[in-house]
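Open the model in a viewer and keep the selection tool at hand. The tour below goes from one selection to the next and says what is there at each stop.

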Protein chains: 2
Amino acid sequence: MRPLPHPATEDIRLTDVLRALSDPVRLLIVHKLAETDELTCADAGLDLGLHKSTVSHHYRTLRDAGVILSKQEGRKIYLSLRRDDLEARFPGLLGSVLAAFRDSPPLAGFARPPSAPGGDLTGAAIAETV
Amino acid sequence: MRPLPHPATEDIRLTDVLRALSDPVRLLIVHKLAETDELTCADAGLDLGLHKSTVSHHYRTLRDAGVILSKQEGRKIYLSLRRDDLEARFPGLLGSVLAAFRDSPPLAGFARPPSAPGGDLTGAAIAETV
DNA sequence: CGGAAAGTTGGATTGTTGTCAAACAAATAG
DNA sequence: CTATTTGTTTGACAACAATCCAACTTTCCG
């Protein structure tokens, strides 16, 4: 697997970050990462109702924008938020976005365990609520 | 001219705002509005090197997202930031975006008067710098 | 070694976006 | 009333983005 390139902190661009965060699916992933320091790709993509490759594409978008870090270990890849880098580059931005997301309409259902009742919410369903 | 619809404060969606702000041209417009309370469409679009209709399209995007207010008076339309509404809905968000924009690479050149030397900067050129 | 696991990559499709140009609409100035 | 000003709207087009599926790569487990 090729090295999974990340932008240097000083190369993170505001427009890229905003665009990366403007998708409901990615926003949900980022929110999940904010709550649980580190996740594998599979865990971060749980309950999204999206194809594996689609989620992978979202990781790439977030990584390219400088929002998340992908650290490979064995055959797993651990994802984490680049909180410090983002804070250094755009103070307060990530915090306000996450706070805004938490205050959004009924998205609490997404945080429940994989086998909880209530059915799956698709990406489209997410879009309705954010 | 049709009424130019604006979303109610509670209907402003985070993803829409982030997407609206993720374009360099719109970010510049928003920045300009942040510095000079109210502007006509023509004034807000000065020095962008873009076609009139293109800029109008950006206004629409910003308006639909709930970022700006378009108030018609006579044959002019005055644009202003919906600061209070945005602050009520997503506290701190606009502020951190504006602060991040101001700290970005050499965009100061855009603020100079219309006839200043140095040539025009196109939308593409803006994109390079943000 | 052979198969499963965890992800990425490439192609195809469908939909959205940024841009220009030309046409339109409404208010104002001569 | 006619022409000008100030913007919007519509159409066209190329570029981009979100999604799925199939194929591939690497690593790990028997």
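Select Asp64(B), which lies in helix 4 of chain B. The model is a predicted one. Asp64(B) has 15 C-beta neighbours inside 10 Å, so Asp64(B) counts as partly exposed. Cys41(B) and Asp64(B) are 23 residues apart in sequence, and their C-alpha atoms are 16 Å apart in space.

**DNA strand D**

Keep Cys41(B) selected and show DNA strand D. Around DNA strand D there are 26 residues, and Cys41(B) is among those that come nearest, together with Gly74(A), Ala42(B), Ser53(B) and Ser56(B). Colour the elements next. Helix 3 (41-44), helix 4 and strand 3 (76-81) of chain B each supply at least two residues of this surface, as does helix 4 of chain A. Helix 4 of chain B gives the largest share, five residues. By residue type, the surface near DNA strand D divides into eleven polar, eight nonpolar and seven charged residues.

**DNA strand C**

Move to DNA strand C, which is surrounded by 26 residues. The closest are Thr40(A), Cys41(A), Ala42(A), Ser53(A) and Ser56(A). Two or more residues of this surface come from each of helix 3 (41-44), helix 4 (52-65) and strand 3 (76-81) of chain A, and from helix 4 (52-65) of chain B. Which element gives the largest share of the surface near DNA strand C? Helix 4 of chain A does, with five residues. The surface is made up of seven charged, eight nonpolar and eleven polar residues.

**The sheet of chain A**

Hide the DNA and select the strands of chain A. Three strands form an open sheet here, in the order 1-3-2, with antiparallel pairing. Strand 1 (38-40) and strand 2 (68-73) each have a single partner strand and stand at the edges, so one side of each is left without a neighbour in the sheet. From one strand to the next, the twist averages 30°.

Go through the pairs in turn. Three bridges join strand 1 of chain A to strand 3 of chain A, in the antiparallel sense. Glu38(A) has Ser80(A) of strand 3 as its bridge partner, and Thr40(A) stands opposite Tyr78(A) of strand 3. Strand 2 and strand 3 of chain A also run antiparallel, joined by six bridges. Here Ile68(A) has Leu81(A) of strand 3 as its bridge partner. Strand 2 and strand 3 of chain A form a hairpin with two residues between the strands, where Gly74(A) takes a positive phi near 65°.

Now show the side chains of strand 3 of chain A. Its covered face holds Ile77(A), Leu79(A) and Leu81(A). The uncovered face holds Lys76(A), Tyr78(A) and Ser80(A).

Helix 2 (residues 24-35) lies across strand 1, strand 2 and strand 3 of chain A, at about 85° to strand 3. Helix 4 of chain A lies across strand 2 and strand 3 of chain A, and runs at about 115° to strand 2.

**Where the chains meet**

Show both chains. There are 21 residues of chain B in contact with 21 residues of chain A. On chain B, helix 1 (14-21), helix 2 (24-35) and helix 6 (93-102) each supply at least two residues of the side that touches chain A. The largest share of that side, six residues, comes from helix 6 of chain B. The side of chain B that touches chain A has 13 nonpolar, five polar and three charged residues.

Select helix 1 of chain B. Six of its eight residues are buried: Leu14(B), Thr15(B), Val17(B), Leu18(B), Ala20(B) and Leu21(B). Their cover includes helix 1 (14-21), helix 2 and helix 6 (93-102) of chain A, along with helix 2, helix 4 and helix 6 of chain B.

Definitions and conventions. Residues numbered from 1 in each chain as written. Chains lettered and ligands numbered in written order. Predicted model: local features only at pLDDT ≥ 70, side-chain atom pairs only at ≥ 80, totals over all residues. Near = placed C-beta within 6 Å. Helix = DSSP H or I, 4+ residues; strand = E, 2+ residues; numbered from the N terminus. Nonpolar A, V, L, I, M, F, W, Y, C, P; charged D, E, K, R; others polar. Contact = placed C-beta atoms within 7 Å. Pairing = 2+ DSSP bridges. Axes fitted to C-alpha atoms, helices over the stretch in contact; angles between N-to-C directions. Buried ≥ 20, exposed ≤ 12 C-beta atoms within 10 Å, placed from the backbone.
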